[in-house]
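This report describes the architecture of a two-chain model, passing from conventions to the individual chains and then to their contact. Please consult the sequence and the coordinates alongside the text.

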Amino acid sequence: MAAKRALIMHPKDNVATTVEELQPGDQVKTAGGGEARSLSAVEAIPFGFKIALEEIPQGATIVKYGETIGKAGRPIPKGALVHIHNLEGTRARGDLEGREKR
Amino acid sequence: MSFLGYPRPDGSVGTRNYVLVIPQGLISKSICDFVTGTRTIHTVDHGSGRTANDRERIARVLIGLGRNPNVASVILHAASPGVGYPELRVERLADEITAGGKRVEVLDPVKDGGVYGSITKGMQLARRMVYEASKLRRVDVGDEHLCLGVKCGYSDTTSGIAGNPAIGYLFDKVVKAGGTAFLGETTEIIGAEHFLAKRAANPQVAKAILDAVAHREALAKSTGLDIRTINPIPANIKGGLSSLEEKSLGAVHKAGTSTVQGVLQYGERPKGKGLYFVDCWMGSYSIFAGYAAAGSNLVMFQLGGGGLAGRDLMEGSPSIVAPFLWCTANPRTYEMAKDNIDYYSGTVITDGEDPQEAGERLYRTVIDIASGTLSKSETLTHTDAIDLCLEEPRF
């Protein structure tokens, strides 16, 4: 079966965006962001969602567009879906900093 | 390159040719219901109990819409004859719109024999003014007369990959030609503000960008909430966006690569041409009214839509006087809502279309619509009510 496609926006990125629906075990070939990479999806990933290009330890920075989009809330295996269940936003976190004085 | 537009006395050029009847309410609606070629604003933000700053924001929108290049002439009515807030008095609005070189007629129920009298007089005036406006002919003008405004919404990962980059290409091309372009939505540059700040025309502009973001982020934190419970909105998350930073980094692609000339308040007209950032929230309806008030003669909604289902019919124009385009780069959104979509760039993702060629296609679409081809949303008479972007508590 032909490899499915995912797009890397910047060479520094550790996630790619899927442009096809992925099933567990699907082979993925990346485009963009330097040399093409091959990996396999470890779980189902819908169109337009992100796949981890490498193992991302808990607390490590998640990078897309060459910039920080958040940090790993738990360890993320290579080939896994990266979304709100394992990516924590780092900006405008009123819940972490508490209410500021108005 | 060039488009066909209506030249105005102040040197601007319209892509449409309306008679505007403002502010909102029974008088304006009655006139517009009866007279073709007219436009009014549908909003409940009339200023009562609002602070001076917010009343000034409302006044800026009304004056700015009156001065918009797509408006041939204006009918104003005195909402509260003689007793209104100073910012919103009809004499003030009339003076500032007239300063732009346009014919302005004023209705006053006290002098016209009540609201019925003003409606009758207004209908008669509006018919004559629309007839006069119809005698104007479009002429060939340069792209420096384009003034574009964009918002991205229901964003998903296609927005940052292929949707916003096409807008960015268009913005670069129009700015290079001497035109003007607006982007806004301060919350949605949180995490990407440094991209815009490093392209600021001078240190003051860079500081204004960073200050706008710092102010908005502090407000967000003061809620005690994770911003992710508010923005990205559920449709963004369902479309694959995982954090505000990710959304912002995709969103700033619509700015292209031009220098940011300044930061504008909601509805504020720029002093020069080029790319401007408008400090406002994301409201899908309020933002376009703000762009139109700042002088936009064409506005665009870059739609992700990955988290949308069943939306085969979209709302009509929320910009009041500026033609409104729906753009998308999501293949499913395009299939679902083809009747509404003016421009599609998902081909960059699915067929490997060169992003530059996709940008050129958008440019040609914009020129066609600026020259008189209707945008899909303009084929609807329905327009949604607009909540103006007001910032302060009401009392």
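## Conventions

Two residues are in contact if their C-beta atoms, placed from the backbone, lie within 7 Å. Helices (H or I, at least four residues) and strands (E, at least two) are DSSP runs, numbered from the N terminus. Axes are lines fitted to C-alpha atoms, for helices over the stretch in contact, and angles run from 0 to 180 degrees between N-to-C directions.

This is a predicted model, in which local features need pLDDT of at least 70 and side-chain atom pairs count only at pLDDT 80 or more, while totals for chains, interfaces and linings use all residues. Residues are numbered from 1 along each chain as its sequence is written, and chains are lettered from A and ligands numbered from 1 in the order in which they are written.

## The parallel sheet of chain B

Four strands of chain B, in the order E4-E3-E5-E6, form an open sheet with parallel pairing; two strands pair if DSSP finds at least two bridges between them. E4 and E6 of chain B each have a single partner strand and stand at the edges, so one side of each lacks a neighbour in the sheet. E3(B) and E4(B) run parallel and are joined by two bridges. B:Val19 has B:Thr38 in E4(B) as its bridge partner.

Helix H3 (residues 90-98) of chain B packs on this sheet, where it touches E5 and E6 of chain B, and its direction makes about 170° with that of E6(B). H5(B) lies across E3, E4, E5 and E6 of chain B and runs at about 170° to E5(B).

## Helix H1 of chain B

Helix H1 (residues 26-34) of chain B has four named buried residues, B:Ile27, B:Ser28, B:Ile31 and B:Cys32. A residue is buried if 20 or more other C-beta atoms lie within 10 Å of its own, exposed if 12 or fewer, and partly exposed in between, with C-beta atoms placed from the backbone. Viewed down the axis of H1(B), the buried residues fall within an arc of 120°, so they line one face of the helix; the arc is that of the directions from the helix axis to the C-beta atoms. An α-helix has 3.6 residues a turn, so residues three or four places apart point the same way.

On the other side of H1(B), B:Leu26 and B:Asp33 are exposed. The buried residues of H1(B) pack against strands E3 (18-22), E4 (38-39), E5 (71-77) and E6 (103-107) and against helix H5 (114-133) of chain B.

Strand E8 (residues 147-153) of chain B has seven of its seven residues buried, so it is largely enclosed by the rest of the structure. On one side the buried residues are B:Cys147, B:Gly149, B:Lys151 and B:Gly153, and on the other B:Leu148, B:Val150 and B:Cys152. Four bridges join E8(B) to strand E9 (residues 180-183) of chain B in a parallel arrangement, with B:Cys147 opposite B:Thr180 in E9(B).

The axes of helix H2 (residues 52-67) and helix H11 (residues 286-293) of chain B come within 7 Å and cross at roughly 55°. H2(B) and H11(B) are therefore oblique to each other (angles under 35 degrees count as roughly parallel, over 145 as roughly antiparallel, 65 to 115 as roughly perpendicular and the rest as oblique). H2(B) contributes B:Arg60, B:Val61, B:Gly64 and B:Leu65 to the contact, and H11(B) contributes B:Ala289, B:Gly290, B:Ala292 and B:Ala293.

## Chain A

Chain A contains one helix and nine strands, in the order β-β-β-β-β-β-β-β-β-α from the N terminus. Its C-alpha atoms fill a box of roughly 60 × 25 × 20 Å along the principal axes. Of the 102 residues in chain A, 41% are buried. An open sheet of three strands has the order E6-E7-E9 (chain A), with antiparallel pairing, and its edge strands are E6 (61-64) and E9 (87-88) of chain A. A:Lys71 stands opposite A:Glu88 in E9(A).

A:Thr18 is found in strand E2 (residues 15-18) of chain A and is buried, with 24 other C-beta atoms within 10 Å. Leaving aside neighbours within four places in sequence, A:Thr18 is in contact with A:Ala6, A:Ile45, A:Phe47, A:Gly48, A:Phe49 and A:Ile51.

## Where the chains meet

Contacts between the chains involve 28 residues of chain B and 28 residues of chain A. Helices H6 (157-176), H8 (203-221) and H10 (244-251) of chain B each supply at least two residues of the side that touches chain A. H10(B) lies across E6 and E7 of chain A, at about 165° to E7(A).
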